[in-house]
Number of protein chains: 4
Amino acid sequence: MTSVAIVYHSGFGHTQALAEAVAAGVRTVPGSTANLIPVADAEARAAELDAADAIIFGSPTYMGGLSAEFAKFKDWTSSRWMQGAWSNKLAAGFTVSASWNGDKHNTLYQLLTLAVQHGMVWIGLGLPPGNNSSTGSIADLNRLGASIGAMGQANADQGVEGIAASDFKTFEALGRRVAEAAQRWRDEPLAKAA
Amino acid sequence: MTSVAIVYHSGFGHTQALAEAVAAGVRTVPGSTANLIPVADAEARAAELDAADAIIFGSPTYMGGLSAEFAKFKDWTSSRWMQGAWSNKLAAGFTVSASWNGDKHNTLYQLLTLAVQHGMVWIGLGLPPGNNSSTGSIADLNRLGASIGAMGQANADQGVEGIAASDFKTFEALGRRVAEAAQRWRDEPLAKAA
Amino acid sequence: MTSVAIVYHSGFGHTQALAEAVAAGVRTVPGSTANLIPVADAEARAAELDAADAIIFGSPTYMGGLSAEFAKFKDWTSSRWMQGAWSNKLAAGFTVSASWNGDKHNTLYQLLTLAVQHGMVWIGLGLPPGNNSSTGSIADLNRLGASIGAMGQANADQGVEGIAASDFKTFEALGRRVAEAAQRWRDEPLAKAA
Amino acid sequence: MTSVAIVYHSGFGHTQALAEAVAAGVRTVPGSTANLIPVADAEARAAELDAADAIIFGSPTYMGGLSAEFAKFKDWTSSRWMQGAWSNKLAAGFTVSASWNGDKHNTLYQLLTLAVQHGMVWIGLGLPPGNNSSTGSIADLNRLGASIGAMGQANADQGVEGIAASDFKTFEALGRRVAEAAQRWRDEPLAKAA
């Protein structure tokens, strides 16, 4: 079994709902488990993070960057960094905000930078951009045209019901991609011995 | 009079059309002139750039960053950098690509980084994000929710006709903002002497 | 009088010491005042921030980005953003960490992104890079070669005594530059009427 | 055998020398080959790039970003992107400039963004920061404290002789890391069948 941890902060429920979509995507891959870990529980559940084959980071975009709650988790990870505990694990990231662009790219840069500080290997979204031709629509996968990670959008005056169905599918695709990569990346000492 | 130079590369006409919108915005401000300078002409028209109160940089987003033609201009500006020729001028930037997000943020980071290397002062877009509530629409100013500069979007299979009217207005607003800032920023020795 | 607020988080004293250098630089400019505001006091001292002509943001670089304490301040500023309270003010930024590069650039990108979301105007460091020729040394101003803002470096096992004298001078230069810019940028309606 | 392509632009020889160090690092891993491809030859040698298990991108930092020559290569890769030719390959990056910081971080962001647009998987430097304690020195591996990729520094008035020995070792370590990752990442159908 390969295990994928999804560690996230959700302020108003959007990131929670999308984290669950990522987990659902992980679980479509036979032999993969998904652990959803809110950042508030990360310290108590550090063993799960340390044991994971891949960690997917999720934060809403607040004022152009990581939420303070996610940043608190980020700073806490220095304890794992000093031990090299996450070195060579796979990593990926996702974010959501009200605007279509809205500096989400910047949030994903933070997640990437955190991951490479830990010596992790970054799995991008891996989907072609959707919704960018005259025959496209917001029903397309990757309707925002992201590449570093998954980006979602929901109107500022709406809750989870404001998230497009295509965003849920896009986040599922990220989870599936990371789970498949984790199986490919996992050391297989017996197979190698053969 | 304050002068605003708009130096840009356009591969398929979209950036050209949006650069003209920026220039139109500059010209709505009494006492302001706008010079449109394609990057291919920048070396020959260096004196206009050196004399400008503000320079607005525009590049399409190709493969997640500045077009090669714009990058060639960027490298050429090292000749101005060595003389400090653009130090303390105002700067701003814009980009366009087919995707709604599409790593445009990254292109604007490049333009900002170029500007601060020159010791320039960066004027962001200065518009609240539009199109991010249930009463919003793509007719809103700043429909993509950009902040560092102006972002436009046009479908990959369309020409200039694919650019939303709201994008033209957004780019005009950037030009107007920079022209107003240039008047505020300009040294006014006589007024000060009074 | 023009007022410059310096709002910062310091975990181990380095950022505090450098914030004081920035303030000292502001105070070298006649007609300028500097207010040092730790992020923990920002909410209580919001009126000072709202009244400032310029705000300089300072955060250590922790795990490649803003400290959680600074990020908490960042998120709180959404209350100012909704009112447009800081629109068109000047902004600048600084950071410090143990490594020479150490992803400090990324922290400054966060500060810039925060500023432009508020509609602020960004003042970069404005110093040529030092310590980058065979006749240079770490005694040079801007010994790290930063451009977006001021970068300091102090060894991980040292306190404030580990900060190079040239870093203090570099941070003073940033304060002076912002104070001078604030005077230039300030509306002077009487002078204009003359 | 796994193959690693190193595609780079060198203006004055520094990037060339460091690209060779990366290649040397690749070749320390049994079963790995390294192909050095100057960007000017990339189109003619596209088949080598398409066949590689990993591609390492290298550009000097000019005016805060990719050199124009590298950007031209970047734009050309849209032809590979449309075919998904590099999807799921490994990627990594390196840069060099005269300043210790000097916005090199920004150049690596460009390389990362290019890679994830192609659906590639990003291998960071994976070395702890050196030269950041009172017992450290510029002889340390990763003396600049980079994480996204390898960063080198050479004085502006020096040629290849100005590159520190530790930088050559750091770049070798990047090559070795990517080669090891490529073997781990490679599909091993026979082993799996066993």
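Through which surface do the copies, chain A and chain B, meet? In this predicted model, 100% of the interface residues of chain A are also interface residues in chain B, so the copies meet through the same surface.

The geometry of the pair is worth a look next. Chain A is superposed on chain B by a rotation of 180° with 0.0 Å of shift along the axis, and the RMSD is 0.0 Å. The two copies are therefore related as by a two-fold rotation axis. To find that axis from chain A, go to Asn101(A): its C-alpha is the one in the chain nearest the axis, at 2.5 Å.

Now let us move to chain D and its helix H1, which runs over residues 14-27. Among the buried residues of H1(D) are His14(D), Leu18(D), Val22(D) and Val26(D). An α-helix has 3.6 residues a turn, so residues three or four places apart point the same way. Burial in H1(D) also includes Thr15(D), Ala19(D) and Ala23(D). The cover over these buried residues includes strands S1 (2-8), S2 (32-38), S3 (54-62) and S5 (90-97), together with helix H6 (165-185), of chain D.

Our last stop is Ala115(B), which sits in helix H5 (residues 104-117) of chain B. Ala115(B) counts as buried because its relative accessibility is 1%, under the 20% cut-off. Beyond its neighbours within four places in sequence, Ala115(B) is in contact with Phe57(B), Ala91(B), Met120(B) and Trp122(B). Gly11(B), by contrast, lies 104 residues from Ala115(B) in sequence and 22 Å from it in space, C-alpha to C-alpha.

Methods: Residues numbered from 1 in each chain as written. Chains lettered and ligands numbered in written order. Predicted model: local features only at pLDDT ≥ 70, side-chain atom pairs only at ≥ 80, totals over all residues. Heavy atoms only, no water. Helix = DSSP H or I, 4+ residues; strand = E, 2+ residues; numbered from the N terminus. Expected span 1.5 Å × (residues − 1). Buried < 20%, exposed > 50% of the residue type's maximum accessible area, 1.4 Å probe, protein only. Contact = heavy atoms within 4.5 Å. Least-squares fit on C-alpha atoms with pLDDT ≥ 70 in both.
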